[in-house]
Amino acid sequence: MNRADRFALLLLLAPAAASAAMPLAIHAGVLYPVSGPPVREALILIRDSRITFVGPADDRMISADHQIIRAAVVTPGLIDARATVGLSGLLNQPHDQDMLERSAPVQPELRAIDAYNGGDPLVAWVRSLGVTTVNTGHSPGTLVSGQTMVVKTSGSTRDREVLRPAAFITAALGGAGLNRAEGKAPGTRAKAVALLRAELIKAQEYVRKRALTDETKHPARDLRLEALGRALDGSQRLLITAHKAPDILAALRLAKEFNLRIVLDGCADAPLVLEEIRAAGFPVILHPTMARAGDETENLAMDTPAKLAAAGISFAFQSGYESYVPKTRVVLFEAAVAAGRGLGFERALAGATLEAAKTLGVADRIGTVEVGKDADLALFDGDPFEYTTRVTATVINGELFRDGPR
Amino acid sequence: MRLFPASSALLLLACAAPLFGQERPLALTGSRIYPIDGEPIADGVLVVHQGRIVAVGAAEKVIVPAGAETRALPPGKVILPGLVDSHSHIGGAQGGDGSGALHPEVRVLDALDARHPSIQRAQAGGITTANVMPGSGQLISGQTLYLKLRDGRIIDDLLIRLADGSAAGGLKMANGTNPMRSPGGPFPGTRAKAAAMVRDQFIKAQEYQAKIARAKGDPEKLPARDLGLEMIGEALAGRRVVQFHSHRHDDILTALRLRQEFGFKMVLHHVSEAWKVAPEIAAAGVPVSAIVLDSPGGKLEARDLSFDTPAALERAGAEVGLHSDDPVIDSRHFLRSAAIAVRAGMSRPAALRAVTLANARMLGLEDRVGTLTVGKDADFIVLSGDPFSVYTQVEETWVEGRRVFDLTDPRDRSYALGGPGAGDPRRTPLCCYTSAWDIILAANGALQQ
């Protein structure tokens, strides 16, 4: 958790006591804990929103107050590493579209938590398809569009549902970061990078001056530069959307110049610059493959996850942003396509759970089924990635959600 | 009333002698075959010859003709009829523009590019026949085309010729919010106005037809030719199926009402809320081409879009097809739509039928495509396994006895999976479907240079 996270958490309205969910005993035909090999006939015990036991099924472990649930297959709750649900509402009408502010090209001070609507039906929709945590926030569309938050999909923003209220600062290079209107900046790729470099240099100066011992020399507080300052010191990483190879390279060049720890997002052209991405060591939140290929994403491919895995590059799946019908993608389906196109089941599941948790900096709480972790699970009636398999329930912080079966 | 009275003779010549595959019969053995018009065959044999299916059945029953080339497929392969997509926008489809709401005279034909990569991606998805449509931004956005996804050089190579030589296609119509715009222009601002405008136009077409009939061929009495009214006349006469985009349940009922008033043949498309009026649709006997999407929403009339729609329509007894609406769903994920329908309760046979025979019937092409039946076109696909599995891949796509997609070919593979090059136009085919006429034209061009 970074400084911005802690600050924003203080501002959250937390109810006096979280509603106490009934303890759960979940019997899995097969459990994929992700932290280890699959377990047949497994038992998962949950109490006070945490996992208290994981092991072979043993009825003696179950207390009288446990509600017993059975599922053919259980996995960790799925994690959507880059979404806009809760900001880009289902209806796609002006009143429910808060994912992009176009009034200026660089607005890192815009926080997802100030716009997130956990009650939007799309949040429940992705939950009904196994997603229990999303890194959601501002969409690509301006050079620096705002911040993301990591939040459970239970529908509320109680503090235990919010893992990171100020997770990443979102930037976009290439077409997604340009302003095509005549006379507006940035109108070209090169101008966009120049603009971003200038802003980061301003932020360096700002941070330096704010640290001066003589307070009379401090510049006035500036939310925008403060946010970029956190990107510079790595406490709130830049999540840079870049699809074309030159834009991916531009992101890596920026990271090198400013010694930034970034996360790459989208990366339709990743197979063209695999070596550069691998050498830089940054994780990739890969574009949704179910989305339409075209323009910037003309090279997106169903076997890119397999290529990233083979190159040893850490990656996670995302739903991304959809401007029209359908209004969101679903990480379950994204991982499924990758699983069926060379990645294989276990690596695909990791990309939608543990790898995503690591990239989002929340692997201490979610991403695997282990004792002590948050009780976030997805329950299925068969192979999770088979199109004909249904999600029968999800568990979030120990609370059972039956949205389907779907 | 043919599409192109002046040029049809030339087009007929151009398409008269496509060079079909297999001068020798080809027999594919050892696979599970879903003929669609019958029970699955565990150990099946499919024999094709000169672009047609000549035998299909169980290994012990089919006699492979002497001299046939026999390919024994590895265990586990599955053969389906070539998929039929009843609603697609591949090939760079365009229709009417913003100058008006009624464009029956506009042909999608005049916008299509046979080498557009979306056609190769559709082949990679196992699609062999597609209804390529203009969009839904107008009440009538234009004439659609039913294409065979042959490896064509020009769009004419992909057309399906009817007995009178005209190109097979429908008429695209739409209601709901897409063809509605702010008032003051030529577009309707409300639903009632939209319906009134369509009724008005159809009545004009009726009167136009009546005048032609009364003229009895007398040039002095014939009305001035009107391309748009001619086309609506084709719909009124049942020669051209109205392919009707509709989402909200009341808009679906409006479409049914229009059909009842004017008596045209109709297929309902998308039908987000069809589950609310499934009995009414079934009772009307109108077939439905449905879509299943990753999520609902994106516009108000798709807020109640559901995975359950195909199953609900099946239960109600309606004829149900599925469509890609490519690029809304990439054609390569077309079989997945059938699987998602099964996920929500549609029967497996109905789901397979929904991407083959049901769609063929909606296009009036069931005598040629949609099942593996002796005498029908040799359109089929070879799958690596269960048609509904995410782990299954389309390995081969065949159109009229010619393989148009082969997953082992690196170029075809890039169309199947994506990646650099998959957005490029297809290479020029060396042979296929180049007609005698093309050769004459090419030779003529060479002589003039």
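## Basis of the model

Residues are numbered from 1 along each chain as its sequence is written, while chains are lettered from A and ligands numbered from 1 in the order in which they are written. Because the model is predicted, local features need pLDDT of at least 70 and side-chain atom pairs count only at pLDDT 80 or more, whereas totals for chains, interfaces and linings use all residues.

## Contact between the chains

Chain A contributes 36 residues to the contact and chain B contributes 29 residues. Two residues are in contact if their C-beta atoms, placed from the backbone, lie within 7 Å. On the side of chain B that touches chain A, the largest share is five residues from helix α8 (residues 334–343) of chain B. Helices (H or I, at least four residues) and strands (E, at least two) are DSSP runs, numbered from the N terminus.

The side of chain B that touches chain A consists of 15 nonpolar, eight polar and six charged residues. In these classes, Ala, Val, Leu, Ile, Met, Phe, Trp, Tyr, Cys and Pro count as nonpolar, Asp, Glu, Lys and Arg as charged, and the others, Gly among them, as polar.

## Domains of chain B

Chain B is split into domain 1 (18–81 + 376–448) and domain 2 (83–362), with bounds that come from an automatic or database domain assignment. The C-alpha centres of domain 1 and domain 2 of chain B are 28 Å apart.

Domain 1 of chain B gives 29 residues to the contact and domain 2 of chain B gives 28 residues. On the side of domain 1 that touches domain 2, at least two residues each come from β5 (78–81), β16 (394–399), β17 (402–406) and α11 of chain B. That side of domain 1 has 18 nonpolar, four polar and seven charged residues.

## Helix α2 against α11 in chain B

Helix α2 (residues 117–124) and helix α11 (residues 410–417) of chain B have axes that come within 8 Å and cross at roughly 90 degrees. The two helices, α2(B) and α11(B), are therefore roughly perpendicular to each other. Axes are lines fitted to C-alpha atoms, for helices over the stretch in contact, and angles run from 0 to 180 degrees between N-to-C directions. Angles under 35 degrees count as roughly parallel, over 145 as roughly antiparallel, 65 to 115 as roughly perpendicular and the rest as oblique.

From α2(B), the contact involves Pro117(B), Gln120(B), Arg121(B) and Ala124(B), and from α11(B) it involves Asp412(B), Tyr415(B) and Ala416(B). By class these are four nonpolar, one polar and two charged residues.

In chain A, helix α3 (residues 189–210) packs on helix α5 (residues 245–258) at an angle of about 20 degrees, and the axes are 11 Å apart. This makes α3(A) roughly parallel to α5(A). The crossing of α3(A) past α5(A) is right-handed; a crossing is left-handed if the near helix is turned anticlockwise from the far one by less than a right angle, and right-handed if clockwise. Arg189(A), Val193(A), Leu196(A), Arg197(A) and Leu200(A) of α3(A) meet Pro246(A), Asp247(A), Ala250(A), Leu254(A) and Phe258(A) of α5(A). This contact has seven nonpolar, no polar and three charged residues.

In chain B, the axes of helix α3 (residues 191–215) and helix α5 (residues 249–262) come within 11 Å and cross at roughly 20 degrees. Hence α3(B) is roughly parallel to α5(B). The crossing of α3(B) and α5(B) is right-handed. Arg191(B), Ala195(B), Val198(B), Arg199(B) and Phe202(B) of α3(B) make the contact with Asp251(B), Thr254(B), Leu258(B), Glu261(B) and Phe262(B) of α5(B). The class division for α3(B) with α5(B) is five nonpolar, one polar and four charged residues.

## Sheets

Chain A has an open sheet of seven strands in the order β3-β2-β1-β4-β14-β15-β16, with mixed pairing. Two strands pair if DSSP finds at least two bridges between them. Strands β3 (50–56) and β16 (399–401) of chain A are the edges, each pairing on one side only. Neighbouring strands of this sheet are turned by 35 degrees against each other on average, direction ignored. Strands β14 (residues 377–380) and β15 (residues 391–396) of chain A run antiparallel and are joined by four bridges. Leu379(A) is opposite Ala393(A) in β15(A).

Chain B has an open sheet of three strands, ordered β6-β7-β9, with mixed pairing. Its edge strands are β6 (83–88) and β9 (145–148) of chain B, and the twist averages 20 degrees from one strand to the next. Strand β7 (residues 127–132) of chain B pairs with β9(B) in the antiparallel sense over four bridges. Val132(B) is opposite Leu145(B) in β9(B).
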